[in-house]
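Hi everyone, thanks for making time for this one. I'd like to walk you through a single structure, and please stop me whenever you like.

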Amino acid sequence: MTTAVEPPISTSGTEISDLARDYLNLDSLFTADELALRDLVREFVQRRIVPNIARWYEDAVFPREITTEMGDLGLLGMHLKGYGCAGRSAVEYGLAAMELEAGDSGLRTFVSVQGSLAMSAIHKHGSEEQKQQWLPGMAAGQQIGCFGLTEPTAGSDPGGMKTYARKDGSDWVLTGAKRWIGLASIASVAVIWAQTDGGIRGFVVPTDTPGFTATAIEPKLSMRASIQCDITLEDVRLPADAVLPNAVGLKGPFACLNEARYGIIWGAMGAARDAWQAAVDYSKERLQFDKPLAGYQLTQEKLVNMALEINKGFLLALHLGRLKDAGQLQPHQISVGKLNNCREAIEIARECRSILGGNGITLDYSPLRHANNLESVRTYEGTDEVHTLILGQKITGLPAFR
């Protein structure tokens with residue numbers, strides 16, 4: 001196949017301050033500390049992720065070497081307090097998620113799995129001994145964690161999980177399987193959720209425990225610079241103190257899922273913003289019929305409509321972040337943000353790809369990579385359908401899940 005396309009247009013010289021054009025003076029809504037954190041993460045993304053992400057994505061490589069760098073920046077478990085964690089605000093965590101996902105959804109997902117899921121589970125529900133054993137190393141990026149909830153036949157309905165933990169004397173013995181578990185094949189510790197005679201419980205499982213096996217799922221068309229795995233649990237024997245003492249039932253994992261869903265609300269807008277930026281830059285330089293694409297009304301309409309949705313999604317994320325910092329954020333409000341921002345972000349990334357024409361299918365440009373990644377982001381931590389039903393129940397008072 002041959003097509004008449006121009007050479008890739010480089011944006012490597014773009015100034016950091018120009019990466020997100022602020023037409024509404026949204027920066028005025030943040031404190032100096034919040035802006036400083038955002039700019040710190042933005043600089044890290046431009047320096048360490050942007051020059052390498054096309055290669056990592058094409059080769060399906062998760063860059064293990066940057067985990068300690070993220071730890072040094074305080075990005076792992078950054079919203080948690082103590083145990084080496086940064087103790088940042090919800091808004092600061094959101095801003096970091098947005099900048100990371102402007103680099104790549106897979107690398108924002110690492111921060112989410114590590115901090116919002118695995119570390120949050122131990123921090124929220126664990127014993128003091130469990131916190132002291134695992135959280136400092138995880139905050140530093142020296143130890144990786146994973147969160148085993150989803151199963152081959154239990155995704156949107158985690159209450160249907162088949163993984164079972166039985167008592168054997170003072171020990172626990174886990175048997176079952178998990179699927180789509182981020183980072184499991186490189187993790188030192190797994191938080192595994194299982195049915196017990198006393199309800200669903202969480203267990204802290206060192207991944208070198210006999211009977212624990214994690215296998216990366218390959219090949220993938222999405223999240224290629226990230227790792228998702230199948231886990232097999234074959235009579236994994238754990239001591240009595242492996243159970244998370246403060247979590248019984250689905251409220252335990254759902255408290256962690258809401259942390260991850262919150263970060264996605266910001267992250268999705270980061271991916272959308274980066275795709276839009278690529279389309280703007282390209283359309284101003286790409287000539288068609290002796291005129292830049294940006295000079296055509298159809299192109300300008302696309303860019304304007306996308307900019308409006310990005311700004312609205314950003315304001316929604318900020319509003320929810322301020323509510324979270326005030327201790328007032330409700331689960332259904334998280335569903336509003338996750339549903340809206342993921343849905344808009346993937347449409348924006350696809351529209352941006354259309355502006356890039358044939359060049360848009362290459363890894364020289366980010367929009368199609370973002371669109372592919374967002375297929376996963378839109379699915380995990382609650383599909384569109386699940387969040388629609390959560391909101392439908394809130395509106396009508398009637399559950400429609402079954």
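Predicted model: local features only at pLDDT ≥ 70, side-chain atom pairs only at ≥ 80, totals over all residues.

Let's begin with helix H1, residues 32-49, and helix H4, residues 90-103. Their axes lie 9 Å apart, and the packing angle is about 20 degrees. That makes the two helices, H1 and H4, roughly parallel. The crossing between H1 and H4 is right-handed. If you want to find the contact on screen, look on the H1 side for residues including Leu37, Val41, Phe44, Val45 and Ile49, and on the H4 side for residues including Val91, Leu95, Ala96 and Leu100. Charged residues take part too, among them Asp33, Glu34, Arg38 and Arg42 from H1, with Glu92 and Glu99 from H4. The breakdown for this contact is nine nonpolar residues, six charged and one polar.

Now for the second pair: helix H9, residues 331-356, and helix H11, residues 384-396. Here the axes are again 9 Å apart, but the angle is about 140 degrees. An angle has to be over 145 degrees to count as roughly antiparallel, so H9 and H11 are classed as oblique to each other. Their crossing is left-handed. H9 brings His332, Ser335, Val336, Lys338, Leu339 and Arg343 to the contact, and these meet Asp384, His387, Thr388, Ile390, Leu391 and Lys394 of H11. The residues split into four nonpolar, four polar and four charged.

Next, methionine 269, which sits in helix H7, residues 251-285. Is methionine 269 buried or exposed? Its relative accessibility is 2%, so methionine 269 counts as buried. What does methionine 269 touch, beyond its neighbours within four places in sequence? Its contacts are Met98, Glu309, Ile310, Gly313, Phe314, Asn341, Glu344 and Ala345. As for tryptophan 193, it is 76 residues from methionine 269 in sequence, and the C-alpha to C-alpha distance between them is 30 Å.

Last, the cysteines. How many disulfides are there? The count is zero. The cut-off is 2.5 Å between cysteine sulfurs. For cysteine 229, the closest cysteine sulfur belongs to cysteine 146 and is 7.7 Å away, which is too far for a bond. For cysteine 256, the closest is also in cysteine 146, at 13 Å, again too far. Cysteine 229 is buried, at a relative accessible area of 0%, and cysteine 256 is buried at 0% as well.

That's my tour, and I'm happy to take questions.

Definitions and conventions. Residues numbered from 1 in each chain as written. Heavy atoms only, no water. Buried < 20%, exposed > 50% of the residue type's maximum accessible area, 1.4 Å probe, protein only. Axes fitted to C-alpha atoms, helices over the stretch in contact; angles between N-to-C directions. Helix = DSSP H or I, 4+ residues; strand = E, 2+ residues; numbered from the N terminus. Parallel < 35°, antiparallel > 145°, perpendicular 65-115°, else oblique. Left-handed = near helix turned anticlockwise from the far one by under 90°. Contact = heavy atoms within 4.5 Å.
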